Amino acid sequence: MVEVTVTPQSSLADRPVQIRVRGLSPSQLVTLRAWLKDEQGECFQSRAFFRADGAGEVDPGLHAALGGSYSGVWPMGLFWFLQPDTLFRRLVKRDVAGSPFRVRLEVLDGLCLGTEPQQQPLGSCEAERWYVGHGVQRVPIREGRVRGALFLPP
């Protein structure tokens with residue numbers, strides 16, 4: 001059974017996480033795919049191709065991606081290289097305090113090049129990426145023509 005984990009599962013968007021895949025065959029070629037839907041329902045995704053090590057594991061922080069959205073060792077590459085399915089869209093979080101982005105991580109057998117995989121994932125998990133820490137208070141600012149938000153720590 002293939003297991004995909006992200007540690008920690010819930011974190012601030014600027015904090016690194018560790019992604020690991022276990023339970024693969026040694027030297028198995030797989031695609032790691034990350035995707036999310038923004039607040040308007042637009043899909044953003046990234047993918048990277050990996051060859052499992054001798055223990056049947058993939059760790060993007062240790063193993064180099066062979067291609068896809070990026071290549072080389074990028075521990076956070078699947079998050080940093082998210083691209084929209086529709087051209088000229090930007091990934092923007094409007095409701096920073098109310099909800100996180102939920103990023104779905106999937107591992108697929110072989111090389112998956114299409115925007116929608118034609119096969120069931122071997123394993124998957126979900127990561128929550130928050131933009132405001134627990135207990136932070138958001139105070140809207142409206143003074144003359146100035147508009148903004150003040151974020152106060154707990």
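Author: Helices (H or I, at least four residues) and strands (E, at least two) are DSSP runs, numbered from the N terminus. This is a predicted model, in which local features need pLDDT of at least 70, side-chain atom pairs count only at pLDDT 80 or more, and totals for chains, interfaces and linings use all residues. Residues are numbered from 1 along each chain as its sequence is written, and side-chain values use heavy atoms, with hydrogens and water left out.

Reader: How many helices and strands does the chain have?

Author: The chain has 1 helix and 11 strands. Along the sequence they follow the pattern β-β-β-β-β-β-α-β-β-β-β-β.

Reader: Which strand gives the nonpolar patch its largest share?

Author: Strand S11 (residues 146–152) does, with 3 residues. The patch itself consists of Ile141, Val146, Leu150 and Leu152, with about 290 Å² of accessible area together. Patches are made of residues with over 30% relative accessible area and no salt bridge; like charges are joined within 9 Å, and nonpolar side chains (Val, Leu, Ile, Met, Phe, Trp, Tyr) within 5 Å. Accessible areas come from the Shrake-Rupley method with a 1.4 Å probe, and for residues only the protein chains shown count as cover.

Reader: What about salt bridges, how many are there?

Author: The structure holds 6 salt bridges, each being a side-chain nitrogen of Lys or Arg within 4 Å of a carboxyl oxygen of Asp or Glu. One of them joins the side chains of Arg20 and Glu57 (2.5 Å, N to O). Arg20 is in strand S3 and Glu57 in the loop between S5 and strand S6 (67–68), 37 residues apart.

Reader: Which other residue forms a salt bridge with Glu57?

Author: Arg22 does, with the closest N and O atoms 3.9 Å apart. Arg22 lies in strand S3 and Glu57 in the loop between S5 and S6, so this pair ties together parts that are 35 residues apart in sequence.

Reader: How much of the chain is buried?

Author: Buried residues make up 37% of the 154 residues in the chain.

How values were computed: Buried means under 20% relative accessible area, exposed over 50%, partly exposed in between (1.4 Å probe, protein chains only).
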